[in-house]
Amino acid sequence: MDASQMETVVWHRLDADGAARTLESSPRGLTDAAARERLTQYGSNELVEKRRKPAWRMFLDQFKDFMILVLIAAAVVSGLLGEPADTIAIVVIVLLNAVLGFVQEYRAEKAMAALKKMASPTAAVIRNGRTTSIAAADLVPGDVVMLEAGNVVPADLRLTETVQLRVEEAALTGESVAVEKDVAALEEADLSLGDRRNMAYKGTLVAYGRGRGLVTATGMRTELGKIASLLQGQDEGRTPLQKRLTVFGQKLAWAILAICAVVFVAGLLRGEPPLLMLLTAISLAVAAIPEALPAVVTISLALGARKLVRQQALIRKLPAVETLGSVTYICTDKTGTLTLNRMTVEEAYADGRLQKTDELPAVDGQRAAGGLDLLLTGLALCNDARLDAEGAVVGEPTEAALLELARKKGHLKSELEKTAPRLAEIPFDSDRKRMTTFHRWENDQVISFTKGAVEELLDRCRQMQTADGPVPIDGARIRETAERIAGEGLRTLGLAMRLWQTLPDEGQTAGAETDLVFVGMVGMMDPPRPEAAEAVAMCRSAGIRPVMITGDHPLTAEVIARRVGVIADRDSAVLTGRELARMDQEEFESRVEKVRVYARVAPEQKLRIVEALQDKGHFVAMTGDGVNDAPALKRADIGVAMGITGTDVSKEASHMILLDDNFATIVKAVREGRRIFDNIRKFIKYTMTSNSGEIFTIFMAPFLGLPIPLLPIHILWINLVTDGVPGLALAAEPGEADIMKRPPRHPKESIFANGLGGHIIWVGLLMGSVSILTQAIFIDGCPTHWQTMVFTVLCLSQMGHVLAVRSERTSFFKQGALSNKPLLGAVLLTFILQMATIYVPLLNPIFKTAPLTAGELLVTILLSSVVFVAVEIEKTVKRWRKSR
């Protein structure tokens, strides 16, 4: 049978003998010759990586961005103009961005290496009728593999023998509890991985028991291999900021070329020297390009990333910080993300009453005769979990939960065993679905406790325990209560007992689980994190829709979703992986925005959900911790992995890691992302308004019969000093008060939306008008000083503007000058440097300036304050409109 035929076989539907016949194998295993032949046919049992991009290619690819190409052109022009300072500044910025981009891409390639680490290095197999240990890479379909507790499953297996075998599949399916395995064939063909109880999958962990199975798939054809293929096939999407800046750069380049051409022609028509107009036009082109923008973006993101580390969020890829501010959907895994990843008993039924566990009374040191006391005693004694030296519960999750409940209510296993030591036991197995232990009891009697599935116990009980002692059993009432508990998404487990005069002989143990007294039952679940509901509510208030995607049971998923607020209305739908598989893409995309919970989903379906939301125009964050989350984490606009419970694979595929595994931390990250984008927008508003002010100043003068008011050196100085340092200081601006009360930005929203483009034009026009007015007033009265005054008015107008644009609506005076000390320092430094160009004799010939009188300086300061006052008035009008 070739590899393609093997993939069409539905292994869980075949019985063990049928699987062996299909694989042409037997309980004696393969011969060495057959194994060698199959190794040649099917290939090695290893995950294969696609050819990696070489490091030099990764580095060069960082220079393909349109904005970077425009900056490189600006650097060349600056060099030709004899402005090495500008050239050096631009080259440093471009190289810094290239290095950061290279590091991020290089680190992203590590996801496959982490996935390969999950593979088992060796495997115990039966070859030629003998058990031997071989390299797991040499396994082939048809091999018989032996499993025992602690083993990593080395390939996909159809189990042929199980002895209390339980496999931890959380990393692959999201199921928080180790899955009990058996060998019985299953009827349904399209079962999810978590429901295929007769299969074991490569990369999962044997938690308990032992077993053996036939290898059905190896290497890239295993379920783990399919995830590897998905992971390698996913290119990371570009961030919203990268998309916006690309469009911005393209539009800006064309606008600059058009304006410079008009300025050059207008100057020639007015009779200006051609060389001067050429230099002016080129200087204007260089000045109009916001070369500090990539630096501002990088610094903003880096500062944000450093702040988030202190808040338990580690940023692996810098653009992810800003992307968080754009997300419209957060697709979160359930297990370990919204929940504690720890089974907990939530309800207990005893003495005919169903109670929440926090309402149960603790023991007062006196042994009570009622069912509740017997229930807690039995849960502690009929239990293989234990306490370690530090007092932590160690054992299988279900048993650990039972022991923890008993301990909290004063029933300490170590104390109980002093008077009721274990004498014998009948271990749990998946056929009986029960476990029984025998203990020394009062009056030299022996008591047996049997725990297991409620239905199985009721068939063996004749009485039930009450506060007044055993009474005839009311099976219908107990079944009704069990169904009610299960209906709340809880997993039920019952306990029964029987008193013996003496310990039954080994031959009688088969009948020891009859004539029982039903003691009670408990309902368990992996509960939500205490802070999850508040975090989900904050997401909703910020206009972000949370969606749960899990491999767990639909009922359990829905219960958790309602408790944390993911499902908050009747229109919210729950969709299973099986239902999703039956939908075509068009039908699914028509429903995707209404679904709030996906249960029993396969890894490729998680990817399909993310892509469907992206196709609808949403920006998607995906949180997760398992191997099954890795492809979707990589494909999402931002992938968020769990730092504590997360696998290395999920971490390497992610953009961000929550160090405390706390879903609430993502809300802090969203806030930080929004603040960063706000500050980048403020920088663009500031720098583009400054540039438009320079353009309008030079553009309008010839049409008003005035000479060009600024020299090329003035334009480049303003560009270097006023755009740079104050603009960078805007990155430190604190977040605005309503930052988490407004909806996310629309993914296709222009960077100039919400009045930004209009602000750039009208404030730039005002800035240019004030400069031209200064020129017109003083050109005749101060023939040697007017150009210095225009130069200073334009420079200081930009300083007033940067102070005013710190907030969209809040007044500068309400914010306070000291709320952004770096910006205040940058403005003062720029003012001092500007004064140096005027009053330091050595700089006068370089900048073609002349010292101003005190009166002239006062006039320039008053004129330059017009822009600050005008923008403050604009904010007052915005506040008034909002209040109405």
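A: Two strands are said to pair if DSSP finds at least two bridges between them. The model described here is predicted. In it, strand S9, residues 329–332, and strand S24, residues 620–624, run parallel and are joined by 4 bridges. Within this pair, Cys-331 stands opposite Met-622 of S24.

Both strands belong to an open sheet of 8 strands, whose order is S8-S26-S25-S24-S9-S21-S23-S22 and whose pairing is mixed. Strand S8 (313–315) and strand S22 (573–576) form the edges, each pairing on one side only. On average, neighbouring strands of the sheet are turned by 20° against each other, direction ignored.

Helix H20, residues 554–564, packs on this sheet and touches strand S21 (545–549), S22 and strand S23 (595–599). The direction of H20 makes about 140° with that of S23.

The helix pair consists of H30 (residues 786–804) and H32 (residues 821–839), which pack at an angle of about 175° with their axes 10 Å apart. Because angles over 145 degrees count as roughly antiparallel, H30 is roughly antiparallel to H32. Among the residues of H30 in this contact are Phe-791, Cys-795, Leu-796 and Met-799, while those of H32 include Leu-823, Val-827, Phe-831 and Ile-838. By class, the contact of H30 with H32 has 11 nonpolar and 5 polar residues, and no charged residues.

Note on methods
Residues are numbered from 1 along each chain as its sequence is written. This is a predicted model: local features need pLDDT of at least 70, side-chain atom pairs count only at pLDDT 80 or more; totals for chains, interfaces and linings use all residues. Side-chain values use heavy atoms; hydrogens and water are left out. Helices (H or I, at least four residues) and strands (E, at least two) are DSSP runs, numbered from the N terminus. Axes are lines fitted to C-alpha atoms, for helices over the stretch in contact, and angles run from 0 to 180 degrees between N-to-C directions. Contact means heavy atoms within 4.5 Å. Angles under 35 degrees count as roughly parallel, over 145 as roughly antiparallel, 65 to 115 as roughly perpendicular and the rest as oblique. Ala, Val, Leu, Ile, Met, Phe, Trp, Tyr, Cys and Pro count as nonpolar, Asp, Glu, Lys and Arg as charged, and the others, Gly among them, as polar.
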